[in-house]
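This briefing covers selected side-chain features of one structure. Please consult the sequence and the model shown below while reading.

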Amino acid sequence: MLTARRMRDKSITYERDILAEKRRSQLEALDQVEEEVADQDCYEKFRHMLKVTMPHVGLVALLTMYTVCGGAIFHLIESAHELQLKSTSIRTLGMTKNSFLTTMWNLSQTENLTLSQWIEAGLERMQSLEVLLYEGYVERYITVNDVLNKTERLQWTLAQSIFFATTVITTIGYGHMVPRTLSGQILCIVFGALGIPLLLITVADIGKFLSDFITYFYRHVKKFKFKHTERLSEVLQQSRRNGENWESSQKGLNAIRNIIRKCLSSRFGA
């Protein structure tokens with residue numbers, strides 16, 4: 001009998017252990033499923049966010065890449081031409097200036113030369129120097145620093161070229177820089193013809209994105225406000241009910257007190 005009872009107890013304990021192990025495994029499986037569901041929800045949210053934002057980001061990135069590439073091409077085409085024009089103009093300007101000074105010195109050494117004749121000859125040669133300076137400034141990228149300090153600072157740097165490309169597609173056109181080469185002018189026309197519609201599409205897409213975002217934000221603010229207003233109204237109603245219950249309980253207590261007082265007064269009075 002004792003042996004059978006022990007065997008039965010062992011079998012019961014074994015069955016309990018098996019059931020506990022099954023429950024533990026089921027709980028672990030349930031936890032794993034919940035984690036997988038949570039991870040799947042996070043993945044779906046992230047995927048939805050990417051699906052919503054990537055077209056807008058991609059369009060802006062495409063426009064930025066188009067502008068940078070256009071500016072780089074402008075830089076490659078116009079910078080070499082600018083260096084060539086500027087160096088040639090500076091040399092020509094220096095030679096003309098030296099020739100002017102030499103001529104004026106020779107005129108000053110000439111005998112029987114009146115002041116009016118000297119001024120007339122000097123103005124004639126100075127006019128050619130002024131025309132050369134103006135042409136160099138307008139058409140050959142010559143600046144004051146180039147004339148005084150003999151420096152050759154580029155206007156068509158990479159940053160300035162990208163800025164010029166931006167002014168082209170935005171139709172601003174400051175006019176401070178223009179392509180001088182034929183290939184640069186043709187590129188400017190083609191670049192603007194393709195870039196301006198791309199910019200308009202991007203601006204319209206950004207406007208739609210901002211409109212959707214503002215609508216989404218306003219909807220959630222309104223929902224949040226309605227939810228908390230409803231909750232506040234429930235709290236106020238509950239507090240009113242509690243106040244009414246308190247008042248009714250106070251009235252009941254006062255009535256009981258009055259009854260007790262009447263009973264006591266009638267008893268002791270009697």
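Phe 217 is found in helix 5, helices (H or I, at least four residues) being DSSP runs numbered from the N terminus. The model is predicted: local features need pLDDT of at least 70 and side-chain atom pairs count only at pLDDT 80 or more, while totals for chains, interfaces and linings use all residues. Residues are numbered from 1 along each chain as its sequence is written, and side-chain values use heavy atoms, with hydrogens and water left out.

**Nonpolar surface patch**

- Phe 217 counts as exposed because its relative accessible area is 52%; exposed means over 50%, buried under 20%, and partly exposed in between (1.4 Å probe, protein chains only).
- Phe 217 belongs to a nonpolar surface patch of about 640 Å², together with Val 60, Ile 206, Leu 210, Phe 213, Ile 214 and Val 221.
- Such a patch joins nonpolar side chains (Val, Leu, Ile, Met, Phe, Trp, Tyr) within 5 Å, from residues with over 30% relative accessible area and no salt bridge.
- Accessible areas come from the Shrake-Rupley method with a 1.4 Å probe.
- Helix 5 gives the most to this patch, with 6 residues.

**Salt bridges**

- The whole structure contains 2 salt bridges, each defined as a side-chain nitrogen of Lys or Arg within 4 Å of a carboxyl oxygen of Asp or Glu.
- In helix 5 (residues 182-269), Asp 212 and Lys 208 lie 4 residues apart, about one turn of the helix; their closest N and O atoms are 3.1 Å apart.
- Asp 212 is partly exposed because its relative accessibility is 40%, whereas Lys 208, at 51%, counts as exposed.
- Lys 86 pairs with Glu 82, with 3.6 Å between the closest N and O atoms.
- Both Lys 86 and Glu 82 are buried, and they are placed 4 residues apart in helix 1 (residues 2-109).

**Ser 161**

- Ser 161 sits in helix 4 (residues 158-169) and is buried because its relative accessibility is 0%.
- The Ser 161 side chain reaches the backbone oxygen of Thr 157 at 2.6 Å.
- Apart from neighbours within four places in sequence, Ser 161 is in contact (heavy atoms within 4.5 Å) with Gly 71, Phe 74, His 75 and Trp 156.

**Record annotation**

- An unreviewed UniProt entry places the feature "transmembrane region" at residues 57-77, 154-174 and 186-204; such annotations may be inferred rather than shown by experiment.
- In the model, residues 57-77 are 100% helix, with end C-alpha atoms 30 Å apart.
- Residues 186-204 are also 100% helix, and their end C-alpha atoms are 28 Å apart.

Technical notes
Helix = DSSP H or I, 4+ residues; strand = E, 2+ residues; numbered from the N terminus. Polar contact = N/O pair within 3.5 Å; in protein donor to acceptor, adjacent residues only side chain to side chain. Patch = residues over 30% accessible without salt bridge, like charges linked within 9 Å, V, L, I, M, F, W, Y side chains within 5 Å.
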